[in-house]
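Student: Could you walk me through how to read a few features of this model? I'd like the general idea each time, then the case at hand.

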Amino acid sequence: MVITGTCGTVTSDAVALIVQTAPVITDQPDPVTQCQGTNVTFSVTATGTDLTYQWRKDGADISGATASDYTINNIAPADAGSYDVVITGTCGILTSDAVTLTVQTPPVITTQPSSITECESNTVSFTVVASGSGLTYQWRKNGTAIPGAIDATFTLTNISTASAGDFDVIITGTCGTVTSTTATLTVATAPVITVQPLGTEVCERSDVSFSVTATGTDLTYQWR
């Protein structure tokens with residue numbers, strides 16, 4: 001400032017005007033969907049004077065999460081939730097958008113398919129129970145994919161001896177692939193006599209034998 005009087009002029013000291021700005025978010029954090037065991041980072045970009053940051057999960061402060069970026073290593077299902085960051089500056093406080101962390105899990109088989117023994121012409125079903133994200137199924141017989149067998153349960157109707165074999169299922173998810181144990185289908189056949197017993201004549205006090213030939217599963221015999 002210049003001050004002028006009757007006897008002269010004087011100029012004051014120069015002083016600075018510093019304009020401090022309120023916090024403004026220029027880039028919000030983004031939601032994340034990622035597989036269990038990986039690392040994720042949330043970040044925010046903001047302008048303003050003397051900014052500090054506090055990240056929160058589901059509205060609760062996260063200890064030590066006080067930078068513009070927040071990283072979670074080796075994520076687990078327990079890390080899933082809603083995340084935001086409170087930005088504090090000299091001229092105010094601002095909260096970012098809340099974004100979601102979705103933790104996808106790898107496929108895990110909780111119930112394996114079981115081996116089955118069943119009679120010809122009947123219906124059998126193999127079933128697997130699994131957990132995980134984005135699961136799809138492909139059943140196989142003796143290592144070869146079965147067309148259309150893409151559900152958790154695979155059913156065979158009117159089975160025959162040709163249906164017998166080893167069955168398993170490949171389960172593919174967003175975060176990996178797992179193969180079930182092998183379940184064996186054994187097709188039991190009905191008893192069929194291929195050679196009938198024959199009548200015979202023998203002398204008194206001689207020995208005699210009758211015989212029969214039959215096919216089938218687990219046969220037992222009772223002569224009458």
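Tutor: Let's start with residue classes: Ala, Val, Leu, Ile, Met, Phe, Trp, Tyr, Cys and Pro count as nonpolar, Asp, Glu, Lys and Arg as charged, and the others, Gly among them, as polar. Keep in mind that this is a predicted model, where local features need pLDDT of at least 70 and side-chain atom pairs pLDDT 80 or more, while totals for chains, interfaces and linings use all residues. Numbering runs from 1 along each chain as its sequence is written, and side-chain values use heavy atoms, without hydrogens and water.

Student: What volume does the largest pocket have, and which residues line it?

Tutor: Rolling a probe the size of a water molecule over the atoms shows where empty space is left. Here, a pocket is an open set of points on a 1 Å grid over the protein atoms alone where a 1.4 Å probe fits, with protein on both sides within 12 Å along at least five of seven lines; lining residues have an atom within 4 Å of a point. The volume, meaning the space filled by probe spheres set on points joined across faces, edges and corners, is about 250 Å³ for the largest pocket. Its lining includes P191, V192, W223 and R224, and by class it has 9 nonpolar, 2 polar and 1 charged residues.

Student: Where does V192 sit, and what does it touch?

Tutor: V192 belongs to strand 23 (residues 192-195); strands are DSSP runs of E, at least two residues, numbered from the N terminus. Leaving out residues up to four places away in sequence, V192 touches T213, A214 and T215, with contact meaning heavy atoms within 4.5 Å. The C-alpha atoms of V192 and T215 are 5.2 Å apart, although 23 residues separate the two along the chain.

Student: How many salt bridges are there?

Tutor: Side chains of opposite charge can pair when their charged atoms come close. The rule asks for a side-chain nitrogen of Lys or Arg within 4 Å of a carboxyl oxygen of Asp or Glu, and the count is 2. One of them joins R56 and D84 at 2.8 Å, N to O. R56 is in strand 7 (residues 52-57) and D84 in strand 10 (residues 81-89), so this pair ties together parts 28 residues apart in sequence. D84 is buried at 9% relative accessible area (buried is under 20%, exposed over 50%, partly exposed in between, with a 1.4 Å probe and protein chains only). D168 and R140 also meet in a salt bridge, again 2.8 Å from N to O.

Notes:
Helices (H or I, at least four residues) and strands (E, at least two) are DSSP runs, numbered from the N terminus.
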